[in-house]
Each structure stands twice: as structure tokens, then as C-alpha cells.
Amino acid sequence: SRGASAPLNLRLQMDTSDNGRMLSAVSDGIWLAALDAEGSRWNTRTNPAPFAGTYTLLFPGAGDSGDATQPQGDGFGSLSVSTSGKVTFSGVLADNAAFTQTTTASQNSQWPLYASLYSRKGQILGWLNFAAAAPNLGGEYNWIKLTNGATKFYPAGFTIQTNANGSKYQAPLTGMSLLNFINGTLTLSGGNYFDVFTNTATNAPGSKLVYRGTNKLSFTLNSPTFGLFKGSVVDPVSLKTVSFKGALLQTQQVATGFFLGTNQSGKASFAP
């Protein structure tokens, strides 16, 4: 029952070919949405999840489309999976919307991703797959924001459907670097500030970047905690300090994230 709104009806039926899966649907009598439900067979003592461990994850926005009506940067987060299949996630999307989730991985090694966003005016959802080979975690997801004139970023709302990518994470040995290249370039684009703006830096032992330019670039890669990074740089045109943050996918050696402009977000990436 939903008060003045039409009630919701939920139907559940076991899959006749798989007793660990249910096929279901929810409807208000006008619209109908299909639902999938999978069992979880993971158990620490008798059947530990083979994909247990820690991961970093990237949620791409609109990418390089140049569409100012959608976030251009990449959201990111850190995830841990126990041997019993418990999934714990904490992250932030490219418009700075933070979310967390605690759930259980399915018997088919999938993470049922879901979070309500923007005070129940949006959501993120999808089935993401754990795998032994890189990418170690990924799959299609939907990121939806409804129209909300009270918000600073993207009040018209948007719908983004693309693929998340994740990497298993292992902290490097003392003095070693998470990055396997020496000379790299930080690139910022979009976000009300830049078409494309680049700075070069040298990767030193311990994942510390050495910068010798004039734009006051700072970059900190936090090795002990999932390879998350943050930093700032001075925009040579406005002379404003622009802060950025993101995550490194260790197995793919991809480091991307986002920064916020006045009412748009842009993309930050560090690569050879």
C-alpha cells in the first residue's frame, strides 16, 4: 500500500531450471518492471567466495562526449568482499553524490549494485561481475537523476548507462609504487574550466609525484587504502585552485576521477 498512490504488487516465482534463482516482477497495474533474484551459496568454512578481497572501482560519466548536461568525470569507490560473500562499498559519483552499500554477492559471482540517490530523486543500479582476469570487476550500470531545480549540479537531471570497471587491489611493498610508469601526465577537461589542460609529473618511489611546473600541482596517491588519489592544481586562466580526486585501477594502470566546476563536473586522469 502506498497511500493515495496505486499499491505495488510483487510476484515471485522460482526459476524452473535453477532452484537458486527467482524470476519476479513488480507492478502498479500500469507499468511493469522485471526483477531478478539470485541465491548466495558462499560460506567461510565450507564454500568461501573465490573473489574475496579488496577492489577499487570506477563509474564513468558521460566521458569525452562534451555534453554539458551530464557529468563528464568518473566516479569511484572502494569495495571489500569477505569469504562469506559480504560486499561492503563506499564511493562517490562524478557529481559528488556519495553513497554506500552493504549486500551479499550472488551464487553467480555478481554484485547486485543499488543505491537511492538525491533524496530519493535518483538511483544507481546494475549487476556487476567478479572475475579472475582484468577487469576483475565490472558490468553495465544505470545512473539516473530526476529533474530537481534545487540542486547546483545538473538540475535538469540525466540518465547515463555505461560500464563500471574495477580492479583487485594489493598494497605495494614499502618504498614501491602503485604506478608502473615513471613519467606521467595529469589531464583535466570540462567542468566549466578547461577544454584540455595538462601537467607533467614524475612518479617517484612510494607513489609520490615530483612536479616542477608553475601551476602548483599536488597529487597524493594513498597506497594503504585502495589506491585512491586526490590533489589540486592552479588554473592558469582564472588562477583558481581546482581540486580533484579519483582512484587507480591497479591491474589496468588506469587512474581517473573528477573535479567540480561552478555547476558542472570535469574529468581528471593521470596516465603515461
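Which backbone nitrogen does the side chain of Ser27 reach? The side chain of Ser27 reaches the backbone nitrogen of Gly29, at 2.9 Å, where a polar contact is a pair of N or O atoms within 3.5 Å, one able to donate a hydrogen and the other to accept it, and residues adjacent in sequence count only if both atoms are side-chain atoms. This is a predicted model, in which local features need pLDDT of at least 70 and side-chain atom pairs count only at pLDDT 80 or more, while totals for chains, interfaces and linings use all residues. Residues are numbered from 1 along each chain as its sequence is written, and side-chain values use heavy atoms, with hydrogens and water left out.

**Sheet**
- Three strands form an open, antiparallel sheet in the order E1-E2-E3, strands being DSSP runs of at least two residues, numbered from the N terminus, that pair if DSSP finds at least two bridges between them.
- Strand E1 (9–15) and E3 are the edge strands, each pairing on one side only.
- Seven bridges join E1 to E2, and Arg11 has Ala25 in E2 as its bridge partner.

**Burial and exposure**
- Ser27, found in strand E2, counts as buried because its relative accessibility is 15%, with buried meaning under 20% relative accessible area, exposed over 50% and partly exposed in between (1.4 Å probe, protein chains only).
- Ile30 lies in the loop between strand E2 (18–27) and strand E3 (32–38), and Ile30 counts as exposed because its relative accessibility is 80%.

Technical notes:
Helix = DSSP H or I, 4+ residues; strand = E, 2+ residues; numbered from the N terminus.
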